[in-house]
Amino acid sequence: MTERPSSSDRDRLLADTYHDDWTTGPARALAAHAAYTVRRRRTLRRLATAATAIALLASSAWWFALPQRSVVPVASHAREAALAAPKTAAATNAAATRGYEIISDAELMSYLQDQSVIVFPDANGRPQVVWLIGG
Amino acid sequence: METDSAASPALAELTRRMARGEDAAWQQFHREHGPRLFRSLLAAAHGDPHLAAEALQHAYLRIARHVRVCENEARWAGWLQVVARSALSDTRRRQFRFWQMLRRRAAEPADAPSDSADNLLLAALDASLAQLPPETRALLAAKYFSRESVQGIADRLGLSAKAVESRLTRARAELRERLNLALQQTPHD
């Protein structure tokens, strides 16, 4: 051996010396085991991702499928009147042109004093107030 | 060590396939990069082949967990060395009890295979080869240094391939014995 062998040649000789045949012998199992480990990790990661996505979708679907609570209040005319905007000159003019007027609770009570009225629900379920005797 | 820092599409493809867990890619990695890793571990383990082999298995598993596409040969080789050293360190830690480990650490503070350890290993290999009978040495040189195929050697020597395989096995066993002896006599740091 006049020529000094290369580093990789000696690497290979050392590997084969301790493992019989590095490429086809028992040492091959090292690489096979590593490859199996990679595949198992990839599979587990994909399963975890899929499970997370399914859980997110299921929780979203459950949330949107919940019966929505009614947000429309059942309010009487008086209540609507109480909630109405305060009277202003512009509002008064608007009332004159539209043919009805929004009044306060106190005004309504003064109108109803000693008056007979009947209250019944209309087609939409809203209470309708009708004077039995004209005031 | 190859210091080619240019992009290597072949390495990128190999690491990509390794990251997918392809058996063929891992066998290629084992064939092309395994011997260098083993030598490095054997040097760092002061010639203990069992410790080196176990550390190599741990190194492979770590590489399997963390392998990413890499196209830089020098960076790849450097990363492999770091992983191998770390695996060797952990393997040692597992093998020895606490106080034994401390005692050993005191004797050899560095886990990394120093250049001197690597040189000692290669020197022991060369010395062991030189001690082999000329025929045995020539057979190993033909196979490993001239890279002749087994069939080529068989044709040249007028033997069957099976017979050459048997002679190679015996030659490696003889080399292993001499190498173990040489490494035991090698003074550690």
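Contact here means heavy atoms within 4.5 Å.

## About the model

This is a predicted model, in which local features need pLDDT of at least 70 and side-chain atom pairs count only at pLDDT 80 or more, while totals for chains, interfaces and linings use all residues. Residues are numbered from 1 along each chain as its sequence is written, chains are lettered from A and ligands numbered from 1 in the order in which they are written, and side-chain values use heavy atoms, with hydrogens and water left out.

## Chain A in outline

Let's start with the overall make-up of chain A. It has 5 helices and 2 strands; these are DSSP runs numbered from the N terminus, with helices being H or I of at least four residues and strands being E of at least two. Along the sequence they come in the pattern α-α-α-α-α-β-β.

Of the 135 residues in chain A, 19% are buried. Buried means under 20% relative accessible area, exposed means over 50%, and partly exposed is in between (1.4 Å probe, protein chains only). Chain A exposes about 10,100 Å², and carbon and sulfur atoms supply 61% of that area. The areas come from the Shrake-Rupley method with a 1.4 Å probe, and for residues only the protein chains shown count as cover. Among the chain A contacts with a separation of 6 or more, 14% are between residues 24 or more positions apart.

## An enclosed helix in chain B

Helix 3 of chain B (residues 34–44) has 11 of its 11 residues buried, so the rest of the structure largely encloses it. Among these buried residues are B:Pro35, B:Phe38, B:Arg39, B:Leu41 and B:Leu42. Their cover includes helix 1 of chain A, and from chain B it includes helix 2, helix 4, helix 5 (73–95) and helix 7. After helix 3 of chain B comes B:His46, which has a positive phi near 55°.

B:Arg39 also belongs to a network of salt bridges that links it with A:Asp11 and B:Asp118. A salt bridge is counted when a side-chain nitrogen of Lys or Arg is within 4 Å of a carboxyl oxygen of Asp or Glu.

## Salt bridges between and within chains

Side chains of opposite charge can pair when their charged atoms come close. Over all chains, the count comes to 13 salt bridges. One of them joins B:Asp126 and A:Arg10, with an N to O distance of 2.7 Å. This pair crosses between chains, running from helix 7 (residues 115–131) of chain B to helix 1 (residues 7–19) of chain A. How do the two ends sit? B:Asp126 is partly exposed at 21% relative accessibility, whereas A:Arg10 is buried at 4%.

A:Arg39 and B:Asp23 form another salt bridge, with their closest N and O atoms 3.8 Å apart. A:Arg39 lies in helix 2 of chain A and B:Asp23 in helix 2 (residues 23–32) of chain B, so this pair joins two chains. A:Arg39 is partly exposed at 33% relative accessible area, and B:Asp23 is partly exposed at 37%.

Within chain B, B:Glu13 and B:Arg16 meet in a salt bridge at 3.1 Å, N to O. The two are separated by about one helical turn because they are 3 residues apart in helix 1 (residues 9–19) of chain B. B:Glu13 counts as partly exposed at 35%, and B:Arg16 is partly exposed at 34%.

## Two surface patches

Patches are made of residues with over 30% relative accessible area and no salt bridge; like charges are joined within 9 Å, and nonpolar side chains (Val, Leu, Ile, Met, Phe, Trp, Tyr) within 5 Å. Lys and Arg count as positive and Asp and Glu as negative, while His and the chain ends are not counted. A charge is placed at NZ of Lys, CZ of Arg, CG of Asp or CD of Glu.

The positive patch consists of A:Arg40, A:Arg41, A:Arg45, A:Arg46, B:Arg65 and B:Arg68. Helix 2 (residues 28–65) of chain A gives the most to it, with 4 residues. B:Arg65 sits in helix 4 (residues 49–66) of chain B and is partly exposed at 34% relative accessibility.

The nonpolar patch is formed by A:Tyr111, A:Val117, A:Val119, A:Val129 and A:Trp131, which together have about 450 Å² of accessible area. Strand 1 (117–121) and strand 2 (127–131) of chain A are the elements that give two or more residues to this patch. A:Tyr111 is in helix 5 (residues 105–112) of chain A and is partly exposed at 48% relative accessibility.
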